[in-house]
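Okay, everyone, let's get going.

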Amino acid sequence: MTSYKLHYACVSCRLGFKQHANPQREHLCPNCSRPLICAGHDFAPPPRRDVRSWSVVAMVLGEGLRYEGLSACGCDKEPKYRPRTRAELRARRTVADRDGLPLSEALSRPDPLAPSTD
């Protein structure tokens, strides 16, 4: 069985790392020493200078969502949907407020107006 590395992110430093998952070890950022957030197997960190994209990543990870595919190992070709731009984030926030949905559910929908299929 293959042990795949997970992506971890430090949103304040705008950095991403790949490390083996270890429940006995707390993953810390080498720059600021804050705990890293587990971002999942399919996370692709935006460039460090792209502050707007990192603000979207911070919102997605802050809601407890991870960037995962359809399988836990990360080998599927179709990762689950996560917003990439502020406009997509804004549209999903509006739908969540209007329909009374949890924000995490609205963020995981490819089409914010379509009902959830999960």
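Predicted model: local features only at pLDDT ≥ 70, side-chain atom pairs only at ≥ 80, totals over all residues.

Ser33 comes out as exposed, because its relative accessibility is 52%, over the 50% cut-off. As a reminder, most residues other than glycine have a negative phi.

Arg14 is another one with a positive phi, near 55°. That residue is in the loop between strand S1 (6-10) and strand S2 (15-19), and at 27% relative accessibility, Arg14 is partly exposed.

Okay, cysteines. How many disulfides does a search of the whole structure find? The answer is 0. Take Cys29, which is buried at 2% relative accessibility. The closest cysteine sulfur to its own is in Cys10, 3.6 Å away, and that's too far for a bond because the cut-off is 2.5 Å.

Last topic, charges. We've got 3 salt bridges in the structure. Glu68 pairs with Arg66, N to O at 2.7 Å; Glu68 is buried at 13%, while Arg66 is partly exposed at 32%. Then there's Arg98 with Asp99, where the closest N and O atoms are 3.1 Å apart. Arg98 is exposed at 53%, and Asp99 is partly exposed at 45%. Finally, Arg109 meets Glu105 at 3.0 Å, N to O. Here the arginine, Arg109, is buried at 10%, and Glu105 is partly exposed at 27%.

Notes
Residues numbered from 1 in each chain as written. Heavy atoms only, no water. Helix = DSSP H or I, 4+ residues; strand = E, 2+ residues; numbered from the N terminus. Buried < 20%, exposed > 50% of the residue type's maximum accessible area, 1.4 Å probe, protein only. Salt bridge = Lys/Arg side-chain N within 4 Å of Asp/Glu carboxyl O.
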